[in-house]
Amino acid sequence: MARSSGRSGFKWRQLVKALRQPGCVCWLCGHGIDLQAEPRTKWSFSVDHVTPLSRGGDPLDRANARTAHYGCNSSRKDRMTGPKQATSRRW
Ligand SMILES: [Zn+2]
């Protein structure tokens, strides 16, 4: 599969825009997300994927996308994939 990461481009931006709504909550901890928070800080907005991309999840499928805090998102990811770049395995 020569598909690129998907976390860029027009469709990705559309998805982020659709998800980034006032009152959205983090699906991992259940608390509200501060859309004004500095990007890439613990409580800022990010998009998480129910089925990680490394496991074949579709990055652009709205049904696979959830809003999450940047901090919650990255700590979850650490747990699930272990050491960094465990995903660069070739099939
Ligand atoms: Zn959270």
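Predicted model: local features only at pLDDT ≥ 70, side-chain atom pairs only at ≥ 80, totals over all residues.
Student: Where does Arg 40 lie in the chain?
Tutor: Arg 40 sits in the loop between α1 and β1. Residues are numbered from 1 along each chain as its sequence is written, and side-chain values use heavy atoms, leaving out hydrogens and water.

Student: Is Arg 40 buried or exposed?
Tutor: Arg 40 has 67% relative accessibility, so it counts as exposed. Gln 21 is in the loop between α1 and β1 too. At 40%, Gln 21 is partly exposed. Its C-alpha atom lies 9.4 Å from that of Ile 33, 12 residues apart along the chain.

Student: In what order do the elements of the protein chain run?
Tutor: From the N terminus on, the order is α-β-β-α. That gives 2 helices and 2 strands. Of the 91 residues, 30% count as buried.

Student: What lies before α1?
Tutor: A segment that includes Ser 8. Ser 8 is partly exposed, with a relative accessible area of 49%. Leu 60 is 52 residues away along the chain, yet the two C-alpha atoms are separated by 9.6 Å.

Student: How many bridges join β1 and β2?
Tutor: Strands pair if DSSP finds at least two bridges between them. β1 and β2 have 5 bridges and pair in the antiparallel sense. Follow two positions across. Ser 46 has Ala 68 of β2 as its bridge partner. Val 47 stands opposite Thr 67.

Student: Which way do the side chains of β1 point?
Tutor: In a regular strand, side chains alternate between the two faces of the sheet. In β1, Phe 45, Val 47 and His 49 point one way, and Ser 46 and Asp 48 the other. All of them are buried. With 5 of its 5 residues buried, β1 is largely enclosed by the rest of the structure. In β2, 4 of 5 residues are buried, so β2 is largely enclosed as well.

Student: Which residues coordinate the zinc ion?
Tutor: Look for donors: N, O and S atoms within 2.8 Å of the metal (3.2 Å for Na, K and Ca). Here the donors are Cys 26 (SG), Cys 29 (SG), His 69 (ND1) and Cys 72 (SG), at 2.0 to 2.3 Å. Along the sequence, their spacing reads C-x2-C-x39-H-x2-C. Distant parts of the chain are linked by Cys 29 and His 69, 40 residues apart. Cys 29 comes from the loop between α1 (9-19) and β1 (45-49), and His 69 from strand β2 (residues 65-69).

Student: Why is the arrangement around the zinc ion tetrahedral?
Tutor: Check the angles; four donors qualify if all lie between 85 and 135 degrees. The 4 donor atoms here subtend 101 to 115°, which makes the arrangement tetrahedral.

Student: How many disulfides does the structure hold?
Tutor: A disulfide needs two cysteine sulfur atoms within 2.5 Å. A search of the whole structure finds 0.

Student: What sits over the ring of Trp 27?
Tutor: The charged end of Arg 66, 5.9 Å from the ring centre. To count, NZ of Lys or CZ of Arg must be within 6 Å of the centre and within 35 degrees of the ring normal.

Key
Tetrahedral: all angles 85-135°; square planar, octahedral: opposite > 155°, others 65-115°. Buried < 20%, exposed > 50% of the residue type's maximum accessible area, 1.4 Å probe, protein only.
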